[in-house]
Amino acid sequence: MTARADFGEAGVAVVGAGLVGLGWAIVFARAGLAVRLHDTDPARLADAPARLRRSLADLAAAGLIAEAPDVVAARCTPVADLAAAVGNVDYVQESVLERTDVKRNLYTALSACLAPEAIVGSSSSGIPSSAFTQGLAIAPRCLVAHPVNPPYLAPIVELVPAEWTLPEAVDAVHGLMSRVGQHPIRVARELTGFVLNRLQGALLREAFALYEEGYCSLADIDATVSKGLGLRWAFMGPFETIDLNAPGGIGDYAARLGGLYHSIALERQDPQPWSPDLVARAEAERRQALPLEDLPSRSEWRDRRLMALAVHKRASEGQQ
Ligand SMILES: NC(=O)c1ccc[n+]([C@@H]2O[C@H](COP(=O)([O-])OP(=O)(O)OC[C@H]3O[C@@H](n4cnc5c(N)ncnc54)[C@H](O)[C@@H]3O)[C@@H](O)[C@H]2O)c1
């Protein structure tokens with residue numbers, strides 16, 4: 001098996017037409033690829049085109065797609081039968097529920113109907129692909145391709161192979177993701193939470209601990225990120241951040257502040273679960289700031305801000 005330059009060009013399938021599956025459909029379709037969309041829930045499949053068009057209209061309004069929304073949407077075809085959806089494509093982006101049994105049943109079915117060299121990338125947020133592909137004939141052609149929601153606004157994709165995944169399969173998905181405008185990263189081997197959720201988990205662990213110990217309100221911890229750390233993070237990661245924060249770069253930063261960070265790490269050697277009481281207190285504070293019924297409109301606001309940021313980042317490409 002080789003990583004062909006035209007891998008995926010003949011069209012891809014997205015299995016699972018939920019939040020993330022539809023996001024993937026937009027990623028592939030806006031790049032000009034034909035997308036077959038499959039879901040076991042007929043209602044989900046039936047309203048997929050309308051949901052796609054709504055998101056595409058928002059993207060068009062923000063200037064983030066070059067073509068008319070209907071042109072992009074027309075590349076996506078809902079297909080009720082799994083074998084018909086995946087039978088002729090090189091690449092399948094699996095985006096079904098985050099449950100090992102659901103994914104295992106699907107991969108068993110895929111084993112019987114995939115084209116001989118087709119590759120499957122799973123959107124799995126944390127379940128390694130080895131947990132649902134072991135022993136299947138297609139296992140060497142399966143890996144995790146974990147996106148951030150929505151993938152058409154946040155381009156990062158973590159590629160995580162199982163121990164039996166063919167390196168050529170990882171290369172092929174890396175090439176495809178790059179061609180459709182995503183930013184793939186390679187994780188050498190499976191680990192709990194992959195890279196993205198481990199980084200997020202480290203921050204959440206400290207945020208919950210600071211809140212539980214009464215050092216700060218939830219709102220002030222959130223502001224520390226949204227009005228401070230996070231502003232830089234839209235453009236650079238933690239290593240580049242500290243490289244720029246000392247006159248002599250990262251080595252100088254480590255010499256000045258390495259001891260402080262080591263002391264902080266030593267204070268957190270016994271991580272605790274988020275207790276029900278802690279979560280209830282956090283929930284109450286958040287619900288005072290944002291009533292539950294306003295969550296959807298706030299999510300839409302977040303997506304519009306992300307679109308504005310995407311426009312800005314696109315305009316400043318080359319300066320980064
Ligand atoms: N929501 C996020 O922020 C996010 C981010 C990154 C990755 N993910 C991952 O993406 C995957 C999908 O998550 P989601 O948030 O889109 O969930 P979702 O509940 O919105 O969608 C899942 C869809 O899968 C369908 N489905 C279930 N079994 C199926 C099967 N056997 N064949 C075809 N379709 C089937 C369901 O009908 C549903 O439409 C999960 O693995 C999740 O962990 C989610």
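**Exercises on a predicted model**

The largest share of the shell around the ligand, three residues, comes from helix 1. The structure is a predicted model, in which local features need pLDDT of at least 70 and side-chain atom pairs count only at pLDDT 80 or more, while totals for chains, interfaces and linings use all residues. Residues are numbered from 1 along each chain as its sequence is written.

**Exercise 1. The ligand shell**

Task: State which elements each supply at least two residues of the shell around the ligand, and how the shell divides by class.

Solution. Step 1: Helix 1 (19–30), helix 6 (100–113) and strand 6 (142–147) each supply at least two shell residues. Helices (H or I, at least four residues) and strands (E, at least two) are DSSP runs, numbered from the N terminus.

Step 1: There are 24 residues around the ligand, and G16, G18, E98, S125 and N149 come nearest. A residue is near a molecule or strand if its C-beta atom, placed from the backbone, lies within 6 Å of it.

Step 2: The shell has nine nonpolar, 11 polar and four charged residues. Here Ala, Val, Leu, Ile, Met, Phe, Trp, Tyr, Cys and Pro count as nonpolar, Asp, Glu, Lys and Arg as charged, and the others, Gly among them, as polar.

**Exercise 2. Strand 7 and its partners**

Task: Determine how many residues of strand 7 are buried, and in which sense strand 7 pairs with strand 6 and with strand 8.

Solution. Step 1: Strand 7 (residues 156–161) is mostly covered, with five of its six residues buried. A residue is buried if 20 or more other C-beta atoms lie within 10 Å of its own, exposed if 12 or fewer, and partly exposed in between, with C-beta atoms placed from the backbone.

Step 1: With strand 6, the pairing is antiparallel over five bridges; V144 stands opposite V160 of strand 7. Two strands pair if DSSP finds at least two bridges between them.

Step 2: With strand 8 (residues 183–186), strand 7 pairs in the parallel sense over four bridges. P184 in strand 8 is the bridge partner of V157.
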